[in-house]
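Hello,

Here is the structure we spoke about, followed by notes on what turned up in it. Please read them with the coordinates open.

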Amino acid sequence: MKKVMFVMIVLVAVIMPAPAAFAQGAGATPLSGHAGTFAIAAGFGMALAAFAGAFGHGKIAGAACEGMARNPGAAGAIRAAMILGLVFVETLSLLTFVVAITLLLKG
């Protein structure tokens, strides 16, 4: 019963601000006057991507070092897989940078 009440309260809290979001004037465009907000959002997005990317790089490198220490014969294959994983993590960070720059230029 408590779980149902909690879900209902959360749904009401989420649905309540919806009418205010649609109460925009007819002449206003969605992006007008929000350049500062986009700059803050881009900054937070980049900070989050940098933190997550650094955390991912650390986990990947740590796991690779542990794997090479346990099985030195497989060091070449582990190193190749580690570099591929690092490339994927870095690509996500760079994609976040591109999205942040696009947000800043659109605003």
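**What was found**

Please keep in mind that the model is predicted.

Helix α1 covers residues 2-15, which makes 14 residues. From first C-alpha to last, helix α1 reaches 20 Å, close to the 20 Å expected at 1.5 Å a residue. How many of the 14 residues of α1 are buried? The number is zero, so helix α1 lies largely in the open.

On confidence, the average pLDDT of the protein is 83, and 82% of the residues score at least 70. The lowest confidence is in helix α2 (residues 18-21), where the mean is 66. The highest is in α4, at 89.

Next, the charged contacts. Side chains of opposite charge can pair when their charged atoms come close. A search of the whole structure gives one salt bridge. The side chains that meet in a salt bridge are those of Glu-66 and Arg-70, at 3.2 Å from N to O. Both residues belong to helix α3, and because they are four residues apart there, about one helical turn separates them. An α-helix has 3.6 residues a turn, so residues three or four places apart point the same way. Glu-66 has 42% relative accessibility and therefore counts as partly exposed, while Arg-70, at 67%, counts as exposed.

Ala-47 sits in helix α3, which runs over residues 35-70, and Ser-93 sits in helix α4, which runs over residues 75-106. In sequence Ala-47 and Ser-93 are 46 residues apart; in space their C-alpha atoms are 9.9 Å apart. Is Ser-93 buried or exposed? Its relative accessibility is 15%, so Ser-93 counts as buried, the cut-off for buried being under 20%. Ala-47 has a relative accessibility of 44% and therefore counts as partly exposed. Leaving aside residues up to four places away in sequence, Ser-93 touches Ala-49 and Gly-53.

Regards

Technical notes. Residues are numbered from 1 along each chain as its sequence is written. This is a predicted model: local features need pLDDT of at least 70, side-chain atom pairs count only at pLDDT 80 or more; totals for chains, interfaces and linings use all residues. Side-chain values use heavy atoms; hydrogens and water are left out. Helices (H or I, at least four residues) and strands (E, at least two) are DSSP runs, numbered from the N terminus. Buried means under 20% relative accessible area, exposed over 50%, partly exposed in between (1.4 Å probe, protein chains only). The expected span of a helix is 1.5 Å times one less than its number of residues. A salt bridge is a side-chain nitrogen of Lys or Arg within 4 Å of a carboxyl oxygen of Asp or Glu. Contact means heavy atoms within 4.5 Å. pLDDT is the predictor's confidence in each residue, from 0 to 100.
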